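Visitor: I have a structure to look over. Can you walk me through some of its surface?

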Amino acid sequence: MAFNIVKEKYRNKISQVTIGATKEEGGTRTSTVTIGGEEALPYLHFEGNIPNRPVTALEVWDIAPPGWNECFNQYYGDVYNDVGEWARKCVEEYGAEMICLRLKGADPDEDNRSADECEAALKKVLDSVGVPIIVLGCGKFEKDNEIFMKVAESGAGENLLMGVAEQENYKTLTAAALGYKHAIIAQSPIDINIAKQLNIMIGEMNFDTDRIVMDPTIAAVGYGIEYGYSIMQRARFGALGGDKAMAKPMIGNIGWEVWKTKEANAPVSDFPEWGEQEPRGINWEIVTATSLLCAGLNIAVLRHPSSLAVVKKTIDDLMKPNSY
Amino acid sequence: MGLTGLQIFKLLPKTNCGECDLPTCMAFAMALAQGKTSLDMCPYVSDEAKEQLESAAAPPIKKVTVGTGEFTRAIGDETEIFRHDKRFFNETILAIEVKDTDDVDAKCENFNDLKFERIGMEFVVDAVAVVNDSGDADKFKSAVETAVNKTERCLVLMSEDVDAMAKALEVAADRKPLIYAATNDNYEKMVELAKEKGCPLAVRGNGLMDTAELVDKVVAAGHKDLVIDPGSREMSQTLADLSQIRRAALRRVRTFGYPSMAVTTKEDPMEENSEATVYMSNYAQLIVMKTDEKAALVPLVSWRLNLYTDPQKPIAVEPGLYEVGEVNPDSPVYVTTNFSLTYFIVEGEVEGSKIPSYIISVDTDGISVLTAWADNKFSGDIIAKYIKDLGLEEKVNHKKIVIPGGVAVISGKLEDESGWEVIVGPREASGIPKFAREKFGK
Ligand code: SF4
């Protein structure tokens with residue numbers, strides 16, 4: 001029969017962002033990652049170039065994380081109190097391609113750590129591993145604004161990915177990232193208009209918008225992931241169609257979202273029909289991450305070493321060529 | 001998408017004889033385009049025109065039904081590339097493989113157990129796929145017979161051996177199983193079987209082009225209840241093939257106007273789960289997989305539910321007073337916003353606490369707690385007023401209300417304005433069960 005392959009033509013491509021800097025580039029990383037640059041919808045290689053594979057990160061905290069499920073003790077329990085060693089384990093034993101350092105200790109409701117302490121935590125991570133680093137504040141605007149400048153400064157030259165800039169609080173972080181040449185995460189609350197607006201506002205501060213990674217805010221499977229999923233699909237399709245303000249790579253805090261849920265944490269005794277707790281939590285991360293990869297996710301920040309291993313393999317498979 | 005009046009007019013005899021009860025062929029064409037009359041009112045329309053008109057009126061992807069009774073499942077009848085453009089309609093059928101060399105009885109027992117309750121809904125895994133792994137027709141038949149007796153859910157019969165399939169259908173045909181599969185080598189006989197038994201038929205080619213040719217042959221042989229397996233067993237190519245089938249179908253390439261399916265290849269259950277997620281996210285309407293581990297299937301069926309929900313449904317829930325469980329005047333009262341994600345998470349956790357409770361959903365225009373608070377839509381005075389409006393005082397015999405931990409700062413104002421005692425709850429909803437046990441547990 002006369003069947004013609006349907007190939008879409010796109011007018012635009014996603015911007016390409018490199019994170020991390022080697023010695024030659026003024027940093028101390030032994031590797032860098034480059035994400036974005038897609039010229040087609042996710043993994044439709046036959047349709048356009050998809051030059052860079054999505055990357056995986058594991059999340060580490062500057063304090064022993066209160067409330068993490070006990071199943072993590074066997075992996076991280078011995079390093080919870082040493083963020084450098086924690087990061088090293090994530091990279092050397094578990095194969096993380098990036099480390100996502102969450103400065104939760106700065107949270108006034110946690111340890112209320114100072115900017116100096118945050119700087120020390122970042123230094124430890126930078127000294128322990130060679131992969132590129134994502135640094136997130138504690139999530140409290142006022143406190144984050146106290147620490148961002150110091151953190152940016154101490155990571156100068158390393159080409160960090162810093163977050164998060166939000167509509168109500170983007171100026172300090174943008175200025176810090178601009179001053180010390182870091183990339184930035186622009187986070188919007190499951191709202192595509194705010195996502196676009198925020199990218200534009202950050203650009204208005206003379207920040208190069210090709211250095212933005214968008215976080216459209218995802219949720220876990222079963223908790224409204226479909227909203228974030230559809231926003232990512234719309235953003236990506238719109239971007240390929242010519243909307244430059246949306247043509248940014250995307251990041252998702254999958255571990256953070258998934259391990260908040262009852263389904264990842266509840267012991268099997270509470271819900272026998274849901275199966276064993278740890279594999280259930282891992283699968284919850286895997287399904288959440290994989291579905292979002294299919295919507296265009298570029299950085300998957302995970303928590304469980306097994307989720308990371310599986311998601312990496314899926315990415316290997318998705319990056320194999322397809323053609324007609 | 002049907003034809004326009006003008007397109008229909010071109011296919012009519014243009015004699016204006018009036019036998020269709022309309023004065024002219026043009027009037028008839030217009031009426032037909034608007035669905036106000038039916039094609040058989042015109043006795044003179046040619047067979048060829050009839051076929052063109054009928055195929056233009058058919059949905060772009062045929063609806064195919066598998067199974068009988070309570071567990072009948074329909075797939076196909078989809079209209080979109082992206083769920084956000086309208087919605088996806090018919091949830092992917094998940095079929096779990098059982099080999100005829102396995103202990104079929106035990107496997108089916110386990111399969112029947114694959115139903116889960118979450119968020120007050122029951123999820124089931126839809127189908128058992130019996131595989132003729134032995135290559136023996138009698139063995140296949142007896143495995144299928146066991147499955148027929150053991151489960152009422154849908155069946156997929158997997159054998160390329162026409163004789164084995166014929167034998168299996170002797171015991172399974174009235175359950176309307178999906179016959180898997182017609183291939184280049186066996187399609188003539190498989191089509192005969194499927195037609196004779198009135199069962200849906202999977203068509204598996206070797207790659208997309210070959211599959212297209214095979215589908216055309218099968219259709220020409222007279223069967224149209226089809227499910228298409230493009231045959232690639234490599235994740236990236238399968239994703240591309242499934243996308244092509246959906247795109248082509250929506251462009252009215254009739255060859256691909258059927259639901260599509262995929263078969264996983266990964267042996268490790270977690271990798272397989274990820275693989276199935278890829279296919280489900282990329283239009284597969286039926287997935288055959290091996291794992292029957294609950295820990296893998298619960299998130300997968302949850303993703304299916306999410307993917308197939310209607311995106312037009314509002315992002316806000318109706319503000320008001322909600323009851324979770326068998327409430328009484330002693331039940332605790334929680335307050336949250338009417339952002340649906342927040343509300344449902346809180347509701348799920350309150351339900352998980354197993355302590356019947358009230359939840360007040362405050363009208364915050366569907367935005368979350370912290371955003372609403374920053375926006376002055378979730379302040380002490382607004383909540384105080386709402387407690388009064390709801391007449392909560394008459395519902396409970398205590399004056400205590402739990403607020404989200406993230407907005408502890410509103411406690412003072414809320415207490416002053418309402419006269420209720422404010423209890424600061426956990427910051428994350430996931431802390432509610434523990435909190436509730438400690439505060440309200442007996
Ligand atoms: S019956 Fe047919 S041919 Fe006659 S007027 Fe109607 S449409 Fe035209």
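Guide: We can go through confidence first, then some surface patches.

Visitor: Fine. What ipTM and pTM does the complex get?

Guide: This is a predicted model. The predictor gives the complex an ipTM of 0.97 and a pTM of 0.85.

Visitor: And what pLDDT does chain B average?
Guide: Chain B averages 92, and 98% of its residues score at least 70.

Visitor: On to charge. Which residues form the negative surface patch?
Guide: Asp40(B), Asp47(B), Glu48(B), Glu51(B) and Glu54(B) form that patch.

Visitor: Where is Glu48(B) placed?
Guide: Glu48(B) sits in helix α3 of chain B, which covers residues 47-57. Asp47(B) lies in helix α3 too.

Visitor: Is Glu48(B) buried or exposed, and why?
Guide: Exposed, because its relative accessibility is 59% and the cut-off is over 50%. Asp47(B) also counts as exposed, because its value is 65%.

Visitor: How far is Glu48(B) from Leu11(B) in space?
Guide: The C-alpha atoms are 8.9 Å apart. In sequence, Glu48(B) and Leu11(B) are 37 residues apart.

Visitor: New topic. Which residues form the nonpolar patch on the surface?
Guide: Leu370(B), Trp373(B) and Val409(B). Together they have about 310 Å² of accessible area.

Visitor: Where does Val409(B) lie?
Guide: Val409(B) is in a chain B loop, between β16 (400-403) and α16 (411-418).

Visitor: Buried or exposed, that Val409(B)?
Guide: Val409(B) counts as exposed, because its relative accessibility is 61%.

Conventions:
Residues numbered from 1 in each chain as written. Chains lettered and ligands numbered in written order. Predicted model: local features only at pLDDT ≥ 70, side-chain atom pairs only at ≥ 80, totals over all residues. Heavy atoms only, no water. pLDDT = per-residue confidence, 0-100. Helix = DSSP H or I, 4+ residues; strand = E, 2+ residues; numbered from the N terminus. Buried < 20%, exposed > 50% of the residue type's maximum accessible area, 1.4 Å probe, protein only. Patch = residues over 30% accessible without salt bridge, like charges linked within 9 Å, V, L, I, M, F, W, Y side chains within 5 Å. Areas by Shrake-Rupley, 256 points an atom, 1.4 Å probe, with all protein chains shown as cover. Salt bridge = Lys/Arg side-chain N within 4 Å of Asp/Glu carboxyl O. Lys, Arg positive; Asp, Glu negative; His and termini not counted. Charge placed at Lys NZ, Arg CZ, Asp CG, Glu CD.
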